[in-house]
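Here is a friendly briefing to read alongside the sequence and the 3D view. Take a look at both, then follow the topics one at a time.

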Amino acid sequence: MDRGNSKKRVALFIIAGVILLCVGLVYFFFSDRSAEELSTSERSARKTQTARADGDDNQSRKVPNQVSQTFSKVSEASQSTLTKLKFNNADELCKDFAEKASPQWTEDQFAEALMDHIRSDDHALEDWLQSITSVGSPRQKGAALSLLLASIDRKVRKEVYAQTPNCDQLKECSGPLEALVGQKTSPYAYALVNHAIYSPDPVLYGMAHNICKRISFDNDTVCDRVGALQWMKIDPDNGVAALYALGELKLPPPNHDQTAFENALYRLSQANKFDLYFDVGNELPALPSTLDDYQHRTELESLRAYFWDITPLPPHTNITKACSGEYLKNANRRSLCEKVANQYLRENAFLLDRAIFLKLAAQLGGERNSLQKYRDDQDEVNGYYIARNERQKQQHQDSSGRATACHGILKKYADVSRYASQGEFKQFQQEAKQFGLSREELINIGRRSRGTRSD
């Protein structure tokens with residue numbers, strides 16, 4: 001009996017040993033594999049973190065492909081969830097939109113509705129821009145942050161205007177709206193500021209400065225770290241930086257020390273470029289193949305155009321004051337002001353720049369006859385702008401006209417880069433020549449709009 005029990009105990013020990021051995025082998029195999037996978041994961045994570053940390057330097061030459069590859073992986077993984085493209089070309093887009101547009105819409109409502117119609121449902125463009133903020137070069141990050149800010153800006157305003165259409169005309173609404181826009185877009189603005197203030201790149205600094213000059217960031221402590229005098233220091237040949245610096249400086253009375261103000265005025269007179277750096281789309285890498293279609297390209301163009309619309313123009317009040325009255329009795333000031341006035345005639349001038357030139361020329365005593373051509377040019381462009389708006393109002397009354405108006409807006413989106421490089425005023429002059437009214441007719445429309453008569 002004892003011998004039998006002993007044999008049973010031995011057998012149980014043997015079986016238990018075999019089980020423990022098997023368990024040990026299984027544990028060893030899987031624990032070794034898990035350790036290897038964990039190690040690979042940690043190396044990958046560290047490599048990603050290092051790439052992000054070093055992206056502004058060693059990685060920057062490879063960024064376009066890196067961004068494309070990073071986004072393509074995300075896009076391919078979610079390709080099954082992407083909605084079917086709504087249109088494949090401008091004719092399809094405008095035909096579909098014209099049938100849905102209301103003839104009661106104003107020009108602004110028409111343009112806003114078209115931008116909504118263009119927008120895809122997959123949010124893939126925003127995802128791509130977000131990926132650039134992680135792995136792009138400094139300028140690419142700045143461009144992506146700027147456009148993401150513009151996207152949020154438009155979304156917030158659209159929601160508010162849906163409830164209060166005339167919010168911008170109501171003090172009790174417009175103030176809170178700008179505060180809300182600032183709150184919602186501040187993460188992108190602050191990230192851009194942090195990139196810019198530690199970089200010697202004047203383009204990146206200019207991007208941050210222009211974002212912070214929007215009314216939504218008035219008296220913002222983070223944006224206070226970006227200033228026009230610093231921008232002028234790192235971008236001395238850019239007249240826009242000098243314009244902003246002159247706007248920030250206090251204009252001293254004629255009998256006070258003018259040194260700081262005249263230094264900035266001299267910078268403006270000597271500038272060889274005027275770049276707002278608002279055409280941020282040119283700094284982006286190429287769209288990845290998953291987004292390189294008509295709808296997403298047009299969506300990006302419309303976002304770039306919206307960013308152009310919300311980019312503030314530099315101030316000019318101090319300049320026109322500094323080049324008037326008692327100040328012009330100083331020979332050095334008069335000479336500077338004459339050079340500054342000529343800067344407003346540059347090739348890439350805005351509409352406002354030509355108006356400032358005429359004001360300065362009049363204050364400097366320019367002869368009326370010698371300035372007549374510039375007045376006529378100004379009236380022609382203003383007349384074209386007025387006549388074009390009137391024509392667009394008529395176009396909204398029927399489907400074919402709305403399709404034509406749609407094509408016109410799409411052309412404006414595509415021309416944003418040319419407005420930046422070749423000048424807004426020059427572009428309107430070229431468009432005026434193709435409008436169908438003579439130069440004399442447009443000049444007369446422009447003159448009537450400002451309440452003057454022909455000489």
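**Ala341 and its neighbours**

Leaving aside residues up to four places away in sequence, Ala341 touches Phe357, Leu360 and Leu364; contact means heavy atoms within 4.5 Å. This is a predicted model, where local features need pLDDT of at least 70 and side-chain atom pairs count only at pLDDT 80 or more, while totals for chains, interfaces and linings use all residues. Residues are numbered from 1 along each chain as its sequence is written, and side-chain values use heavy atoms, with hydrogens and water left out.

- Ala341 is found in helix α14; helices are DSSP runs (H or I, at least four residues) numbered from the N terminus.
- With a relative accessible area of 4%, Ala341 is buried, where buried means under 20% relative accessible area, with a 1.4 Å probe and protein chains only.
- Ala341 and Leu360 are 19 residues apart along the chain, and their C-alpha atoms are separated by 6.1 Å.

**Helix α15**

- Helix α15 covers residues 351-363, which makes 13 residues.
- From its first C-alpha to its last, α15 reaches 19 Å, close to the 18 Å expected at 1.5 Å a residue; the expected span is 1.5 Å times one less than the number of residues.
- The buried residues of α15 are Leu351, Asp353, Arg354, Ile356, Phe357, Leu358, Leu360 and Ala361.
- These buried residues pack against α13, α14 (331-343), α16 (368-395) and α19 (424-433).
- After α15 comes Gly365, whose phi is positive, near 85°.

**Thr311 in a loop**

- Thr311 is found in the loop between α12 and α13 (317-322).
- Is Thr311 buried or exposed? Thr311 counts as buried because its relative accessibility is 12%.
- A polar atom of the Thr311 side chain lies 2.6 Å from the backbone oxygen of Phe307.

**The second largest pocket**

- The second largest pocket holds about 390 Å³ of space.
- On a 1 Å grid over the protein atoms alone, a pocket is an open set of points where a 1.4 Å probe fits, with protein on both sides within 12 Å along at least five of seven lines; lining residues have an atom within 4 Å of a point.
- Of the 19 residues that line this pocket, Arg119, Glu126, Ser151, Arg154 and Lys155 lie nearest its centre.
- Helices α4 (107-118), α5 (124-135), α6 (138-163) and α12 (294-310) each supply at least two lining residues, and α6 gives the largest share, seven residues.

Terms used. Grid points are joined across faces, edges and corners, and a volume is the space filled by probe spheres set on the points. Buried means under 20% relative accessible area, exposed over 50%, partly exposed in between (1.4 Å probe, protein chains only). A polar contact is a pair of N or O atoms within 3.5 Å; within protein, one must be able to donate a hydrogen and the other to accept it, and residues adjacent in sequence count only if both atoms are side-chain atoms.
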